[in-house]
Structure formats: C-alpha cells, structure tokens
Amino acid sequence: MGLRELKKQQTRTAIADIATGLFAEHGFDRVTVAEVARAAGVAVNTVFNYFPAKEDLFFDRQDEVTGHLARVVRTRPAGTSAARAIGADLVAALERGEPTLGLGAEARVFWSVVAGSAALRARALEIGEAAEAALAAELAAEAAAGPDGAYPRALAGALAGAHRALLAEIRRRVVAGDPPEDVRRAVAAAARAAFDRLDAAFGDTGSGDGASTGAGS
C-alpha cells in the first residue's frame with residue numbers, strides 16, 4: 001500500500017470510528033452525516049466519498065463480511081465439503097475472537113445500537129442476503145451450473161442461513177449481557193453440531209474437487 005492509499009485508509013478508519021462513537025452515544029437515527037463530518041473535521045462530501053450511505057459508516061467492514069463465505073468455500077482444501085469448511089471457519093473465528101463477530105468489549109453497545117435502529121436492522125439483513133448470493137455464485141461456478149441452476153442457490157441458502165442464525169445468537173446473547181467467553185463456547189458448540197449435520201445431509205456435495213452439485217448427485 002502506497003503512502004496515498006495508506007492516508008486514505010487512515011482517514012476512512014478515523015471517520016468510521018468517530019461515527020461509531022456518536023452513534024453509540026446518541027443512537028444511529030439521531031446523528032446526522034453533517035454531525036459526523038463536523039466531529040471528524042472533514043467536509044460532508046468527504047464523508048460521502050468514503051461512505052456512500054449513512055449505514056455504511058456503521059457497517060464499515062460490510063464488504064469483507066459479504067464476501068467471506070464465498071472466500072471460505074473458494075479457498076478450502078480439495079475434498080472438504082462447503083458445509084465443513086464454513087463450520088470450521090466459524091469455530092476458528094470464535095476461538096480467536098474475530099472482531100467482525102461482535103464479541104469484543106464494546107460489542108454490547110454496538111449490537112444495542114443495531115437493535116434500536118430499523119435502518120441498521122435492514123442493512124444487516126441486506127448484508128446477510130448479499131453474503132448468501134456471493135456464496136451461491138461460488139457454488140454455481142464450481143458446479144459449472146448455468147444461471148438457472150437452482151441447487152447451488154438452495155445449498156447456499158442452507159449454509160448461509162445456518163451461519164446467519166448463529167451470528168444472530170451471538171448478538172442476542174451479547175445484548176442480553178452474557179459473558180463473552182460463555183457466548184463463544186456455546187455458539188462454537190452449536191456451530192459444530194449444526195454444520196456436522198449439514199455436512200451429513202449434503203454428503204460430499206460441493207467438496208471442492210469437481211463433484212457435481214446437481215440434485216441427486
């Protein structure tokens with residue numbers, strides 16, 4: 001990363017951090033983009049250059065989250081099912097305290113802000129749907145399925161749906177005030193059980209070694 005790119009990244013991070021602090025203090029819906037710009041010492045247009053919508057200020061890592069499941073499937077070892085790869089990735093993320101899971105010290109405030117804003121809840125749903133669509137596209141590409149191939153979309157729906165439900169359980173427990181270690185342990189156990197069952201249900205479908213993802217394979 002060059003000096004200019006580094007400076008732009010630092011500016012983007014600083015704006016997002018200031019915005020998050022304001023949202024946590026006052027609530028997402030009560031803070032304007034102009035107020036964020038003023039607190040960050042930049043013009044409103046500068047904020048919009050980095051963040052096209054106000055929700056992007058809060059979910060500033062959404063691009064990383066949206067493409068994550070597809071990357072996990074694309075880079076998994078040959079012979080490993082998509083279900084097993086996604087399950088193992090989630091358990092590993094829980095064990096290392098991956099920040100995007102929302103288990104850190106400020107996670108309760110973060111998810112409480114989401115719970116208090118219909119706009120943020122809607123954006124969270126959009127992010128989950130985008131992640132599922134990216135996963136479906138990856139599975140379809142592996143299977144050389146055409147645009148009408150329904151099975152990769154159904155498989156992606158099952159896997160992404162389970163993943164999304166487990167993330168929702170993290171949010172629920174964090175907002176309820178459960179200790180992070182208890183949340184981590186409980187959700188990791190649930191993830192192992194859920195994805196083991198999904199792996200058994202789908203067999204070697206989507207194993208990353210050229211296996212067909214057509215129904216009945």
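I take a pocket to be an open set of grid points with protein on both sides within 12 Å along at least five of seven lines. The model I am working from is predicted.

**Entry: the largest pocket.** I looked up its volume, which comes to about 1200 Å³. I then listed the lining and counted 45 residues; Val65, Thr100, Leu101, Phe110 and Trp111 lie nearest the centre of the pocket. The helices that each give two or more residues to this lining are α1 (3-26), α5 (62-66), α6 (68-74), α7 (82-96), α8 (107-115), α9 (118-143) and α10 (150-175). Sorted by class, I have 23 nonpolar, nine polar and 13 charged residues in the lining.

**Entry: the chain as a whole.** I found eleven helices and zero strands in the protein chain. Along its principal axes, the C-alpha trace spans about 60 × 40 × 30 Å.

**Entry: α9 against α10.** I checked how these two helices are placed. Their axes come within 8 Å and cross at roughly 140°. I therefore note α9 as oblique to α10, since an angle must be over 145 degrees to count as roughly antiparallel. The crossing in which α9 passes α10 is right-handed. From α9, I listed Gly128, Glu129, Glu132, Leu135, Ala136, Leu139 and Ala140 as making the contact. On the α10 side, I wrote down Pro152, Arg153, Leu155, Ala156, Gly157, Leu159, Ala160 and Arg164. I sorted this contact by class too, and it has nine nonpolar, two polar and four charged residues.

Definitions and conventions. Residues are numbered from 1 along each chain as its sequence is written. This is a predicted model: local features need pLDDT of at least 70, side-chain atom pairs count only at pLDDT 80 or more; totals for chains, interfaces and linings use all residues. Side-chain values use heavy atoms; hydrogens and water are left out. On a 1 Å grid over the protein atoms alone, a cavity is a set of points where a 1.4 Å probe fits but cannot get out, and a pocket is an open set with protein on both sides within 12 Å along at least five of seven lines; lining residues have an atom within 4 Å of a point. Grid points are joined across faces, edges and corners, and a volume is the space filled by probe spheres set on the points. Helices (H or I, at least four residues) and strands (E, at least two) are DSSP runs, numbered from the N terminus. Ala, Val, Leu, Ile, Met, Phe, Trp, Tyr, Cys and Pro count as nonpolar, Asp, Glu, Lys and Arg as charged, and the others, Gly among them, as polar. Axes are lines fitted to C-alpha atoms, for helices over the stretch in contact, and angles run from 0 to 180 degrees between N-to-C directions. Angles under 35 degrees count as roughly parallel, over 145 as roughly antiparallel, 65 to 115 as roughly perpendicular and the rest as oblique. A crossing is left-handed if the near helix is turned anticlockwise from the far one by less than a right angle, and right-handed if clockwise. Contact means heavy atoms within 4.5 Å.
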